[in-house]
Every structure is written in C-alpha cells, then in structure tokens.
Amino acid sequence: MLRLLFGAPKILAELGLNRAITPAATNKISGDQRFHSGKAHDVIIVGNGAFGSSIAYHLSKQGAKVLTLDMHPPAHPWGSSHGHTRIIRLAYFEGPEYVPLLRRSYDLFLELQDLCGQELFFKTGVLDVGTTFEKAYSTARRYNLPHEVLTAKEVNTRFPGYSVPEDVMSLFQPDGGILCPENIIQAHSSLAMKHGCTVRSGVTVASWRGLSGSAINSTGSVEIKLSNGEKHVGAQLVLTAGAWMSQLVPELKRLCVPERQVVAWFDCPEDQFAKESFPVFIAGSSDNEIFYGFPQYGQQRGFKIGLYNHLREIVDPDNLDRTFTRKDEVALRRGVQQFFKSADNKVLHSNTCMFTNTPDGHFILDRHPAYPQVILCSACSGHGFKMSSGVGQLLSDIALSGGPGSSDVQQELQLHRINSDREGHAEFIQASLSSS
Ligand SMILES: Cc1cc2nc3c(=O)[nH]c(=O)nc-3n(C[C@H](O)[C@H](O)[C@H](O)COP(=O)(O)OP(=O)(O)OC[C@H]3O[C@@H](n4cnc5c(N)ncnc54)[C@H](O)[C@@H]3O)c2cc1C
C-alpha cells in the first residue's frame, strides 16, 4: 500500500493556512498579500542549523512571523553542519530523482551568495572515482548534465594530486564544488532576521504538544516548552533538530539514527592540492568504502578527507566522543593511500561531526502523521547540506500552503515523504497515531 501523508487540509483550512502557494508564486507575494495566521507565531522552528535557518529565511521573506529556537548559536560546531566545507554536485550517484531538487538548491545558493556578497560556493568540479562512477554517469546522461569520462591515467595527469589506481574509471562534473556551511547558515540567519524573524540561541526545547480544537483556540495550534519552563505557541511547528530529532519525536528513534563521523586534514604538496587544480572527490574503493574530500581551502592547511559512515558508531548526540583516535586515523589514511599518495603525511587537524541516518538513505520531509500542524525535517544521511537551500524553500511553501504544497513541491519531495512503503515508516505511522 502506498500511503503518502499530505496532512489534514481541513484543520489547516480552519486555521486559515490552506492557500496554495507555488514556489514561483511565493516570490511574488508582498504587501497586503503577506502571510499571517493570526497566531503569536505563524511558525516556530526548532533547530537553527542548515535546514532551520534556510526554512526561516524563506518563510520570513514571505512575511510569516517566525521564531527559531536553538540551544547553540548559528553555525556552531556541535551538530552536523561545521567543518568549513560541504560538497555540492548534480550528477547524483544516490539517484537521478534528486536532480530537480539539486538544481533548485544550486541556483538558490548562487542567489544567496549574490545577496550576501560573500563567498559561499567555490566551483572546483567534482570527480566521482571508482564505485560511484557508473551511477553518477547514468544520472549525468539521463539529465544531460555536463560531464567527462576519464581514465585513471587522464585523472592523474590532469590533476596531479590524484593517484587513482589503474583501470578505475572516473566521472568529472565541472559544475560541482565546495559550499561553505558556516557562512551559509550565517547568511540565511541574518537575512531571516532582516525579514523580521526572531532568532533565539542558547534555549533548549524540552517538549511540544499539538493543541486540540486549534481552530477555535486563539492561543495557537501547537505549544512548545523550553527547559527553563518558558512556553510559546504557534500556528505551525517545524522540527529540524538534526541528530537530536528523536529526542523531540521518540517514535523516530529507528528512522533518525545519529552516527559519529570524523574528518581529517592531511599535510599535502600545496600546488597539487590547491582549489584551482584539485577537484572535490567522491572515491569508492574496491572494499566498498566511499571516501570524500576537498582541496586545501580557506585558512586550514592540508586537504580534508572523510569516509562515509566512518566506523559506523551509533551515538548519543549529547555524549559524542570528539577525540581523534588511532582507529579514526587508520580508516582515513586508507583513502589517502589508495587515491592520494603524495598526501600520505601527518594529520594536521581533525573534526568530529554527526550524520543522522535513515534506513533507506533518503530524508524525512513531511507533516507529522498525527499532528498536521507539525512539519518534520530530517535531512542528513550524510548528504543533506547541498539541498538545504532548496528544501528550505519547498518546506516553507508547504507550511504556507497549509497542505501538501504545489505539485512541483510534491514532485521534488516525493522520495522524502512519510510513506508506509519505506523501511520503518509503517511502524512510525502506527506509533505516532497510537501515541497521539
Ligand atoms: C562530516 C560530515 C560531512 C558531510 N558532508 C556533506 C557534504 O559534503 N555534502 C552534503 O550535502 N552534506 C554533507 N553532510 C550532511 C550535512 O552536513 C547535513 O545533512 C546537514 O548539515 C544537517 O543539517 P541539520 O539542519 O539537519 O542539522 P544541524 O545543522 O546540526 O542543526 C540541528 C540544530 O538543532 C539544534 N537542536 C537540536 N535539538 C534541539 C532542542 N531540543 N532545542 C533547541 N535546539 C535544538 C542543534 O543545536 C542544531 O543547531 C555531512 C555531514 C557530516 C557530519
């Protein structure tokens, strides 16, 4: 059975939130057309990280009264969005269905960069080396995306920092590159504030509850409680708490699983690993490990490498071990030794971070099964940042529409809706409905 949860339009119609606003149309809303629910806050957002800040920007730009709450300041190093660099690429080995959302996100990042006048994106090109090559190539062809197929010899000659093993094929996508996560979160947050959003840091949301009979309840349709006892009410709530998601929605425990990640910067010959001559990479080894990384970029010396899912350690986000261990180094050095021999040197710096994995690797972007006034946004599984701008725009359209959003929105988010055909979702729906 295919079951997509598109909310409860009736309740939302009663709240006056059921106007259908397409992404194209939303850009034109201004003046007396601006959105208002009549509640203290039109939307409360828990989590002001990559996604929360983007949703806040798109909502407040359209006139919604938005309150964001986070236990840390914007662009902090304790969640999933720090470390100076994130990869963006379009020929997605994870699936061609992502391309429309990737294109939207890519354009929005460029627009954001123009708006804030600061470097948020640097185009290096991206190399998909080895096991990810076939799928990335297939997506590139299906969507007619610019690409070149390169042999190991061609890669190693053209990009001397690389030492790709013989017989390994690569796909070069010239449009990919580096996003600057901290700057992007700061930019989204600052612009949201400029549009009237209230951004509060240093506050922890302890609990939330949907208020029944919301249509006639002038205090709002959802209430959140902070750990200091303060309460806030809003017409809608967006939960986008990264690795802490299942603390706020316990039924998500099996669907949003925090995993420890470690990246390290290895000393390298600067000319070979400069951002002008070394594309970002995804490199799949014959042992089914996938490494990813960046040229030397910004203030930090060395080139950065990570291993998808690292040591597969499931963690409690409040007790994450941030020490860089011998095991961490051994795992990352395997990637250096296979693909970047001239950087098999000492580790200059390291960083610990968290993925929040879903069983199928796709995101969870939908209204809560039991509380349609609550939107769930868990978009990681190690690859979400590059879509945070697009998801922010689409989820803000869902919130403003009061229902499932326009057909464009539904199409682009289809892979990420709550759907009993997805692993673990039937149980989640069942548990949500029975605990409401
Ligand atoms: C090492 C690493 C490398 C990655 N590389 C890439 C890449 O190259 N490309 C890519 O596209 N993606 C990449 N990702 C994934 C991407 O970074 C994440 O998908 C994205 O940053 C997640 O953003 P978020 O908003 O969900 O989480 P966060 O940015 O962590 O935001 C969640 C926020 O919620 C707040 N919060 C939680 N609970 C509460 C509460 N109860 N009260 C108040 N506040 C709360 C937290 O303080 C936090 O600020 C990588 C991730 C990691 C860890």
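## Two crossing helices

The axes of helix α4 (residues 99-116) and helix α10 (residues 388-401) come within 7 Å and cross at roughly 100 degrees. This arrangement belongs to a predicted model. Angles of 65 to 115 degrees count as roughly perpendicular, and α4 and α10 are therefore roughly perpendicular to each other.

Which residues of α4 meet α10? On the α4 side they are Leu101, Arg104, Ser105, Leu108 and Phe109. Their counterparts in α10 are Ser388, Ser389, Gly390, Val391, Gln393 and Leu394.

## A sheet of three strands

Three strands form an open sheet, arranged in the order β10-β11-β12, and their pairing is antiparallel. The edges are held by β10 (205-210) and β12 (231-234); each has a single partner strand, so one side of each is left without a neighbour in the sheet. On average, neighbouring strands of this sheet are turned by 20 degrees against each other, direction ignored.

In general, strands of a sheet pair through backbone hydrogen bonds, either parallel or antiparallel. Here, β10 and strand β11 (residues 222-226) run antiparallel and are joined by five bridges. Within this pairing, serine 207 has lysine 225 of β11 as its bridge partner.

## The two sides of helix α12

Where do the buried residues of helix α12 lie around its axis? Helix α12 spans residues 425-435, and its buried residues are His425, Phe428, Ile429 and Ser432. They cover an arc of only 100 degrees around the axis, which puts them on the same side of α12. An α-helix has 3.6 residues a turn, so residues three or four places apart point the same way.

On the other side of α12, Gln430 and Ser434 are exposed. The buried residues of α12 are covered by elements that include β19 (364-367) and β20.

## Serine 378 in strand β20

Strand β20, one of the elements covering the buried residues of α12, consists of residues 374-378 and contains serine 378. Is serine 378 buried or exposed? Its relative accessible area is 5%; a residue counts as buried when this value is under 20%, and serine 378 is therefore buried.

Leaving aside residues up to four places away in sequence, serine 378 touches Met245, Cys256, Thr356, Phe363, Ile364 and Leu365. One of these, threonine 356, is 22 residues apart from serine 378 along the chain, and the C-alpha atoms of the two are separated by 7.7 Å.

Conventions. Residues numbered from 1 in each chain as written. Predicted model: local features only at pLDDT ≥ 70, side-chain atom pairs only at ≥ 80, totals over all residues. Heavy atoms only, no water. Helix = DSSP H or I, 4+ residues; strand = E, 2+ residues; numbered from the N terminus. Buried < 20%, exposed > 50% of the residue type's maximum accessible area, 1.4 Å probe, protein only. Contact = heavy atoms within 4.5 Å. Pairing = 2+ DSSP bridges. Axes fitted to C-alpha atoms, helices over the stretch in contact; angles between N-to-C directions. Parallel < 35°, antiparallel > 145°, perpendicular 65-115°, else oblique. Arc of directions from axis to C-beta.
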